[in-house]
Amino acid sequence: MLNEAAKKTMLRKIPHGLYVCGVKDGEDVNGFTASWVMQSSFEPPMVVTCIKNDSTSHAMAKASSVFSLSILEDNQKQIAQNFFKPLRRTGNKFEDIEFYLGEETGCPIIKDSLGYVECKVVGTVEQGDHTVFVGEVIGAGEHREGKPLLLEDTGWNYGG
């Protein structure tokens with residue numbers, strides 16, 4: 001039998017960075033704080049991210065087959081917090097955040113982030129309450145040096 005308390009504790013011990021995943025559908029853009037992200041291939045370069053199935057961002061990534069990941073710095077907890085809010089309740093999450101559209105995907109990229117990758121979706125795995133999006137990295141840029149923001153540094157719990 002599964003020990004629910006142990007499962008929750010152990011899954012929360014898996015380290016995660018915090019990123020803003022930018023998505024688009026036509027002219028509409030959105031972003032959300034992503035923590036389930038990892039590199040998945042060297043050649044071609046690929047990353048995976050997971051997007052909640054019932055979210056606006058999921059529908060946008062599925063429709064456009066592209067996404068971006070802005071890598072946040074260890075002092076940018078407030079930006080991560082801003083993008084945790086559902087679009088349906090908050091409206092434009094980019095209202096007070098400077099961003100630009102990526103050259104390769106047209107997805108939003110946080111100007112004040114450490115840097116970014118832009119990806120085209122090359123596969124999906126639809127299981128559970130999130131979909132795994134496999135993205136081939138087709139663009140990247142570095143804004144500056146710095147340490148990335150980690151979930152454990154925020155005091156927040158997500159997952160488990």
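Me: Which strands does helix 2 lie across, and at what angle does helix 2 run to strand 1?
Reply: This is a predicted model. Helix 2 spans residues 56-64.

Me: What is the strand order in the open sheet, and which strands are its edges?
Reply: The open sheet has seven strands with antiparallel pairing. Their order is 2-1-5-8-9-4-3. Neighbouring strands are turned by 35° against each other on average, direction ignored. Pairing on one side only marks the edges, strand 2 and strand 3.

Me: How many bridges join strand 5 and strand 8, and which residue is the bridge partner of Phe67?
Reply: Strand 5 and strand 8 (residues 115-127) pair in the antiparallel sense. In strand 8, the partner of Phe67 is Cys119.

Me: Which residues have the most contacts inside the largest nonpolar core?
Reply: That core has 17 residues. Strand 1, strand 2, strand 4, helix 2, strand 5, strand 8 and strand 9 each give two or more residues to this core. A second, separate core of eleven residues includes Ala80, Ile110, Leu149 and Leu151. In the largest core, the residues with the most contacts are Cys21, Val23, Val47, Phe67, Leu69, Cys119 and Phe133.

Me: Is Cys21 buried or exposed?
Reply: Cys21 touches Asn30, Gly31, Phe32, Ala34, Thr49, Phe67, Ser68 and Leu69, leaving aside neighbours within four places in sequence. Its relative accessibility is 0%. The cut-off for buried is under 20%, so Cys21 counts as buried.

Me: How many disulfides does the structure hold?
Reply: A disulfide is a covalent bond between the sulfur atoms of two cysteines. For Cys21, the nearest cysteine sulfur is that of Cys107, 7.6 Å away. For Cys50, the closest cysteine sulfur is in Cys21, at 10 Å, which is too far for a bond. The number of disulfides in the structure is zero.

Me: How far apart in space are Phe32 and Leu69?
Reply: Phe32 is found in strand 2 (residues 28-34). Phe32 is buried, with a relative accessible area of 13%. Its contacts beyond four places in sequence include Cys21, Cys50 and Phe83. Phe32 and Leu69 are 37 residues apart in sequence; in space, C-alpha to C-alpha, they are 9.7 Å apart.

Me: Which side chain makes a polar contact with that of Thr131, and at what distance?
Reply: Thr131 sits in strand 9. At 1% relative accessibility, Thr131 counts as buried. Setting aside neighbours within four places in sequence, Thr131 touches residues including Thr49, Cys50, His58 and Thr124. The polar contact is with His58, at 2.9 Å.

Me: Which backbone nitrogen does the side chain of Gln76 reach?
Reply: Gln76 is in the loop between strand 5 (66-71) and helix 3 (77-84). Gln76 counts as buried, because its relative accessibility is 5%. Not counting residues up to four places away in sequence, Gln76 touches Asp112, Ser113, Arg144 and Leu149. At 2.7 Å, its side chain reaches the backbone nitrogen of Glu73.

Conventions. Residues numbered from 1 in each chain as written. Predicted model: local features only at pLDDT ≥ 70, side-chain atom pairs only at ≥ 80, totals over all residues. Heavy atoms only, no water. Helix = DSSP H or I, 4+ residues; strand = E, 2+ residues; numbered from the N terminus. Buried < 20%, exposed > 50% of the residue type's maximum accessible area, 1.4 Å probe, protein only. Polar contact = N/O pair within 3.5 Å; in protein donor to acceptor, adjacent residues only side chain to side chain. Contact = heavy atoms within 4.5 Å. Pairing = 2+ DSSP bridges. Axes fitted to C-alpha atoms, helices over the stretch in contact; angles between N-to-C directions. Disulfide = S-S within 2.5 Å. Core = buried A, V, L, I, M, F, W, Y, C linked by side-chain atoms within 4.5 Å.
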